[in-house]
Amino acid sequence: MVGARMYGSLYVLVSVLILLTPVSLGANVSYFKTVNLTYVPSAVKFGAVCLDGSPPAYHIDRGVGDGAHNWLVFLEGGGWCDTTEDCVNRTTYLSGLGSSKKMQPVNFTGVLADKQQLNPYFYNWHRVFVRYCDGASFTGNRVDPANKLHYKGAKVFSAVVKDLLGKGMSNATNALISGCSAGGLSAILNCDKFRSFLPTHTNVKCASDAGYFLHVKDIFGEYNFANYYDRIVKLHGSTQNLPKACTSKMKPKTLCFYPQYVVPHVKTPLFLICSAYDSYQIQYILAPSIHHLPRSWERCKNDTTRCSHDQIEILKGFRLEFLRALPKSVNGSFRGMFINSWLTHCQSQLQLIWDWDPVFKLQDKTMAEALGSWTKSGSSLKIIDDNDLPKIMPRNLL
């Protein structure tokens, strides 16, 4: 069985990279604001709690000037848990992925940065970083009293959004919900739900960074990752909280944990930020370290310069499958996408990629410019890197 600890290891690395971003920029760490935690204790009485029963929490940096009526809500990532043991373990993580008791202040970088030169479109919006502590992308709804576990992600999502509405988001002119990895998946799964909480006069859009996980066979010809997703949905009781437009048609319903089956039913404008060579998906979906994965593949997926010709062709085939699984059309203001080929995972919080180093531009746009212009406009935007080989990240991000 492929456990959550295996699937979550790369997220820890990504988190470290985000924390090190100021160093890689050569910028003073004071460029990035450290934001304290805000708890939602009132949510506990409604059962909206983390895995260990502690209250949900978020970090908020208030908007100013012409951004004071705009809100960006960003959902933290951090993998999932598919067994009772894995979920119990998450309650002890120092990162706080199962308990708000463990959470610490965070740096706001990239899409959350508060300086115009770092984040030209969203720097003066109300920016909220919602902590992830349920283990199923904010979809669960059951309790395991024997193990003292609360799979209440769906209620946590609702409680946090309602708390933000009471703090001014109900008067928002623009509201954008986003997230990275498991948080990016949640931004897709909860996109229309987020829209339903806000007034009709609010311009609501959704964006997902590295949350478009692909339903595809691995190099063994099996759906091992799909089996993992199936266990997550069943353990957390998530089916009832997945988009009904998908679950009413899809069999098995657990496949509605996959974005490619949900996105066609999403009514709210949605923007996708992804790498067609997402390093997490290559590590754990395409070539998982199970069934005695050949050593040549262990080398290849960690350093594509060491891949054989045949392995490169398999990687290129994965890219094509990923591109084919994207929304088939970009209609009006409904769809947008920024798809590059960097061998990485979660990009919008990494300052170099977000809006700093021109090497990361596509069609002469930074990621920040792409999402920002799409958010403010009523038009579609489709930017896909035509490079069909994986690009290795610069050393200052490794």
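**Exercises on a predicted model**

Glycine 153 is buried, its relative accessible area being 0%. Here buried means under 20% relative accessible area, exposed over 50%, and partly exposed in between, with a 1.4 Å probe and protein chains only.

The model is predicted, so local features need pLDDT of at least 70 and side-chain atom pairs count only at pLDDT 80 or more, while totals for chains, interfaces and linings use all residues. Residues are numbered from 1 along each chain as its sequence is written, and side-chain values use heavy atoms, with hydrogens and water left out.

**Exercise 1.** Describe the place of glycine 153 and what it touches.

Step 1. Glycine 153 lies in helix H3, which covers residues 153-166. Helices (H or I, at least four residues) and strands (E, at least two) are DSSP runs, numbered from the N terminus.

Step 2. Not counting residues up to four places away in sequence, glycine 153 touches Asp134, Phe138, Thr139 and Gly140. Contact means heavy atoms within 4.5 Å.

Step 3. Alanine 136 is 17 residues from glycine 153 along the chain, and their C-alpha atoms are 6.8 Å apart.

**Exercise 2.** Is serine 158 buried or exposed, and which residues does it touch?

Step 1. Serine 158 is also found in helix H3.

Step 2. With a relative accessible area of 14%, serine 158 is buried.

Step 3. Leaving out residues up to four places away in sequence, serine 158 touches Lys193 and Phe197.

**Exercise 3.** How many residues of helix H4 are buried?

Step 1. Helix H4 runs over residues 182-189.

Step 2. Eight of its eight residues are buried, among them Gly183, Leu185 and Ile188.

Step 3. For the whole protein, 60% of the 398 residues count as buried.

**Exercise 4.** Which residues line the largest cavity?

Step 1. On a 1 Å grid over the protein atoms alone, a cavity is a set of points where a 1.4 Å probe fits but cannot get out; lining residues have an atom within 4 Å of a point.

Step 2. The search of the whole structure finds one cavity of 30 Å³ or more, and the largest cavity has a volume of about 30 Å³. Grid points are joined across faces, edges and corners, and a volume is the space filled by probe spheres set on the points.

Step 3. The lining consists of Val216, Asp218, Glu222, Tyr223, Asn224, Phe225, Ala226, Tyr258 and Ile285. Helix H6 (residues 224-236) gives the most to this lining, with three residues.

How values were computed:
1 Å grid on protein atoms, 1.4 Å probe; cavity = no way out; pocket = protein on both sides within 12 Å on 5 of 7 lines; lining within 4 Å.
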